[in-house]
Amino acid sequence: MNHYDRQAIAYGALCGLFFALPAAVLQRTLLDEAPWSGLMLVAVVFAAALAGYAATRALPPNPLKHGALAGAITFVGPQSVYVIAARELPNPIAIAFGLLLFASLGTIGAYVAVWRGANAAPTERRR
């Protein structure tokens, strides 16, 4: 049976949206044709990994699932900005690909959090 820590997932998603939404708005409005547009896209993608990291920092049970959910929820913010700016609905295959991409990046961020948590744990000394 899977139990999810909703507070950890919401915290991770909010941390990801904190960076993803401003970057998406800047990319679609001010920097639409500028060379800095690619940098904003990198910031949006980085936000998914950050969401996964933030969701699993407290090391809940099933940490990779928590990171994937936080990353997938983070996808909703930039995607809504893109839909509003383009004034058309995106291709459903593109939405599925984006959700998978952001969930995968959230899982990578969660893995980094678990790895850092395992490295920070005190080790037992043997004599």
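The model is predicted, so local features need pLDDT of at least 70 and side-chain atom pairs count only at pLDDT 80 or more, while totals for chains, interfaces and linings use all residues. Residues are numbered from 1 along each chain as its sequence is written, and side-chain values use heavy atoms, with hydrogens and water left out.

**Overall fold**

- The protein chain has four helices and zero strands, where helices (H or I, at least four residues) and strands (E, at least two) are DSSP runs numbered from the N terminus.
- In sequence order the pattern is α-α-α-α.
- The C-alpha trace spans about 65 × 35 × 20 Å along its principal axes.
- Of the 127 residues in the protein chain, 35% are buried; buried means under 20% relative accessible area, exposed over 50%, and partly exposed in between (1.4 Å probe, protein chains only).
- The protein chain exposes about 8,500 Å², with carbon and sulfur atoms supplying 67% of it; accessible areas come from the Shrake-Rupley method with a 1.4 Å probe, and for residues only the protein chains shown count as cover.
- Among contacts (heavy atoms within 4.5 Å) between residues at least 6 apart in sequence, 77% join residues at least 24 apart.

**Helix 1 with helix 2**

- Helix 1 and helix 2 (residues 37-56) pack at an angle of about 175 degrees, and their axes are 7 Å apart; axes are lines fitted to C-alpha atoms, for helices over the stretch in contact, and angles run from 0 to 180 degrees between N-to-C directions.
- The two are therefore roughly antiparallel to each other (angles over 145 degrees; under 35 is roughly parallel, 65 to 115 roughly perpendicular, the rest oblique).
- By class, the contact of helix 1 with helix 2 has 19 nonpolar, four polar and no charged residues; Ala, Val, Leu, Ile, Met, Phe, Trp, Tyr, Cys and Pro count as nonpolar, Asp, Glu, Lys and Arg as charged, and the others, Gly among them, as polar.

**Helix 1 with helix 3**

- The axes of helix 1 (residues 6-28) and helix 3 (residues 63-86) come within 8 Å and cross at roughly 25 degrees.
- Helix 1 and helix 3 are therefore roughly parallel to each other.

**His66**

- His66 lies in helix 3 and is buried, with a relative accessible area of 0%.
- Beyond neighbours within four places in sequence, His66 is in contact with His3, Tyr4, Asp5, Ala8, Ile9, Ala55, Thr56, Pro60 and Pro61.
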